[in-house]
Amino acid sequence: MPIKHIQDQDQEIQTDPNFIPDSQINYEDAISYWSSVPASVNGVLGGFGEQTSVPKADIIGSSTFLRKLQTRMTCPPEYPKLTIDMGAGIGRITRDLLWKVSDRVDLLEPVKPFVQQMENELIGVRQRGKLGDIYDIGMQEWYPDINKKYWLIWCQWCVGQLPDGELIEFWKRCREALIGNGIGTLIVKENIAPVEDIFDETDSSVTRTDAKFRQLFIEAGFKLIASDVQKGLPKELYPVRMYCLKPQ
């Protein structure tokens, strides 16, 4: 799911009080849409590719957020810093950020052309010995490997593809997959709707409000440790907020 453009979304706001945005999500429609866009940074970011300031600002914002959290994300030496990049697209975030803070990075992405493009994007990560497993499935299909415990689970611009109920169940599985004793961390980075959740029929996704996210975190068994707003994005985009979460 790309960063959301306000003009594109205005027409999607529904006035029917019985309209439930997340009930409109259709996985097949979403996969069909994403399979039709170029397997490039420009494609996965909805036109805000490397010809714009968005990718660089995004990585700088995430890096700054992680630096602020260093004391809350320490990892004992007996645990490898294993990370999984959920809804990873072509692997941009792993390529530009996650390998730098992790010992190894797994990726999950259901769109086949994006998975194929990862081989090109992640050559450097593989050469450094930091590329883990690639799961070519959707978040709703993912169940943690009992032999793996993650130091960091990263969800960015992807959870809008899941209805509320499915998202809660997915985050519950993420909670089980994290290293225990407060060591493992879930980072969620998403666009924020201003007043109410908004369905986007283009890619069959929902942009949620900050209040909705905070409610869903609690229902999934997470406590919010820190939150910050991404800086440096064009004004025509919905705000992007980062959340750091630990299991309750």
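Predicted model: local features only at pLDDT ≥ 70, side-chain atom pairs only at ≥ 80, totals over all residues.
Seven strands make an open sheet, running 3-2-1-4-5-9-8, with mixed pairing. I then looked for the edges: strand 3 (131–135) and strand 8 sit there, and each has a single partner strand, so one side of each lacks a neighbour in the sheet. On average, neighbouring strands are turned by 20 degrees against each other, direction ignored.

**Strands 1 and 2.** I checked how this pair runs. Strand 1 and strand 2 are parallel, over 5 bridges. One of the residues I followed across was Ile 84, whose bridge partner in strand 2 is Asp 106.

**Asp 106.** Buried or exposed, I wondered, for Asp 106? Its relative accessibility is 0%, and the cut-off for buried is under 20%, so Asp 106 counts as buried. Asp 106 belongs to strand 2 (residues 104–108). Which side chain does the side chain of Asp 106 make a polar contact with? I found Tyr 150, at 2.6 Å. With neighbours within four places in sequence set aside, the contacts of Asp 106 include Leu 82, Ile 84, Asp 133, Lys 148 and Tyr 150.

**Helix 5.** I went through helix 5 (residues 92–101) and noted that 7 of its 10 residues are buried, so the rest of the structure largely encloses it. Among the buried ones are Arg 92, Arg 95 and Trp 99.

**Helix 8.** I tested the length first. Helix 8 (residues 164–177) has 14 residues, which at 1.5 Å a residue should span 20 Å; the end C-alpha atoms are 20 Å apart, so the two agree. Next, its position: helix 8 lies across strand 1, strand 4, strand 5, strand 8 and strand 9 (240–247), at about 155 degrees to strand 4. I listed its buried residues, including Leu 167, Phe 170, Trp 171 and Cys 174. The buried residues of helix 8 pack against strand 1 (82–86), strand 4 (152–156), strand 5 (185–191), helix 9 (210–219) and strand 8 (222–229).

**Cores.** How many residues does the largest nonpolar core have? I get 29, and those with the most contacts inside it are Met 86, Trp 142, Ile 153, Cys 155, Phe 170, Trp 171 and Val 188. Strand 1, strand 4, helix 8, strand 5, helix 9 and strand 9 each give two or more residues to this core. Helix 8 supplies the largest share, 6 residues. I also noted a second, separate core of 18 residues, which includes Ile 93, Leu 152, Ile 183 and Cys 244.

Technical notes: Residues numbered from 1 in each chain as written. Heavy atoms only, no water. Helix = DSSP H or I, 4+ residues; strand = E, 2+ residues; numbered from the N terminus. Buried < 20%, exposed > 50% of the residue type's maximum accessible area, 1.4 Å probe, protein only. Polar contact = N/O pair within 3.5 Å; in protein donor to acceptor, adjacent residues only side chain to side chain. Contact = heavy atoms within 4.5 Å. Expected span 1.5 Å × (residues − 1). Pairing = 2+ DSSP bridges. Axes fitted to C-alpha atoms, helices over the stretch in contact; angles between N-to-C directions. Core = buried A, V, L, I, M, F, W, Y, C linked by side-chain atoms within 4.5 Å.
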